[in-house]
Amino acid sequence: MSQNADHTTLGSPVLRSGEIAAVSPKFAEGYARIREVCDTDGACEARFKALYMACASAVKGHADMTRHELSRSRDLGLVVSDARGAALTVLISRGEGVYSTLAAAIDEVFDETIGEPVGEVPDFAVDEQAARDYFASVFETVPGYVELMADEASRALEGYVLMRQWSLAENTLAAEHSELLLCTINAAEFSSRFINVHANGARRAGCSEAQIVEAVLCAVPVAGLATWLTGADGIMEGRT
């Protein structure tokens, strides 16, 4: 029995078309084995891994790949509320421009637009000390970058806390998937520091090491195999 992957059922258009195999069957089979990990149910469900790749593609400016992976995720069972939650996680990580790109792709793929807010924005009571206490509870100490913002722009720190609490703990997308998609995004951006932060967040959310590894591997189709070197560093730095 062949050990080869089935190129025709994977999510990669360039594998399914046969154009890579036409140049090098060996290279195609190698890439297909990586895509098999990214595109099929394993430690993580395939629908969420497609979502992670869609988010990382938006961050990298790959519009066609963003829509393609988002469509695959939808076809595999992703619900629109999870996609909207992922978009806000992308906003806190990479800003408004990338969020708007991803939100527009979600509108298109799910054929649905966001409605108006229901009611007034509630009063969220967070002050500088509450913000410091929050970060101390997360990291067991208050990081220097939080101290700096608290000292010089405490109002922004209040906003940081509100955004972080929602995107990582109260999100319509489960906390484990918010942390894992941030692992994928930061691997695609070659940021071992933040892979370390979010791999540890994924561990606190109950994820296994295999889930974290699969999430980081999802950066490979988006930004190449070099992402794994940075990703592996970030994963291993956080291990105890």
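Entry 1. I started with R72, which forms a salt bridge with E69, the closest N and O atoms being 2.8 Å apart. The model I am reading is a predicted one. I checked where the two residues sit: R72 and E69 are both in helix α5, three residues apart, or about one turn of the helix. Both R72 and E69 are buried. Salt bridges that share partners join R35, D39, E69 and R72 into one network. I noted the general idea beside this: side chains of opposite charge can pair when their charged atoms come close.

Entry 2. Is E69 buried or exposed? Its relative accessibility is 0%, and the cut-off for buried is under 20%, so E69 counts as buried. I also found the pair with R72 listed as a polar contact between side chains, at 2.8 Å. Which residues does E69 contact, once its neighbours within four places in sequence are left aside? I wrote down G11, R35, A50, M53 and A54.

Entry 3. The side chains of D39 and R35 meet in a salt bridge, with N to O at 2.9 Å. I located both residues in helix α3 (residues 25-39), where D39 and R35 are four residues apart, about one turn of the helix. D39 is buried, and R35 is buried too.

Entry 4. D39 has a salt bridge with R72 as well, and here the closest N and O atoms are 3.2 Å apart. Why does this pair tie together separate parts of the sequence? D39 lies in helix α3 and R72 in helix α5, so the pair links parts that are 33 residues apart in sequence. I found both D39 and R72 buried. For the whole model, I recorded a count of 18 salt bridges.

Entry 5. I turned to helix packing. Two packed helices are described by the angle between their axes and the distance between the axes. I took helix α12 (residues 192-204) and helix α13 (residues 209-217): their axes come within 10 Å and cross at roughly 140 degrees. That angle makes α12 oblique to α13. The crossing of α12 and α13 is right-handed. Which residues make the contact? From α12 I listed I195, A199, A202 and R203, and from α13 I listed E209, I212 and V216.

Entry 6. I then compared notes on α12 and helix α15 (residues 226-237), which pack at an angle of about 50 degrees with their axes 7 Å apart. α12 passes α15 in a right-handed crossing. On the α12 side, the contact is made by S192, I195, N196 and R203. On the α15 side, I found T230, G231, D233, G234, I235 and E237.

Entry 7. Last, I looked up H177, which is found in helix α11 (residues 175-188). H177 has 8% relative accessibility and therefore counts as buried. Not counting residues up to four places away in sequence, H177 touches F48 and Y52. H177 and F48 are 129 residues apart along the chain, but I read a separation of 7.3 Å between their C-alpha atoms. With Y52, H177 has a polar contact of 2.7 Å between the side chains.

Methods: Residues numbered from 1 in each chain as written. Predicted model: local features only at pLDDT ≥ 70, side-chain atom pairs only at ≥ 80, totals over all residues. Heavy atoms only, no water. Buried < 20%, exposed > 50% of the residue type's maximum accessible area, 1.4 Å probe, protein only. Polar contact = N/O pair within 3.5 Å; in protein donor to acceptor, adjacent residues only side chain to side chain. Contact = heavy atoms within 4.5 Å. Salt bridge = Lys/Arg side-chain N within 4 Å of Asp/Glu carboxyl O. Axes fitted to C-alpha atoms, helices over the stretch in contact; angles between N-to-C directions. Parallel < 35°, antiparallel > 145°, perpendicular 65-115°, else oblique. Left-handed = near helix turned anticlockwise from the far one by under 90°.
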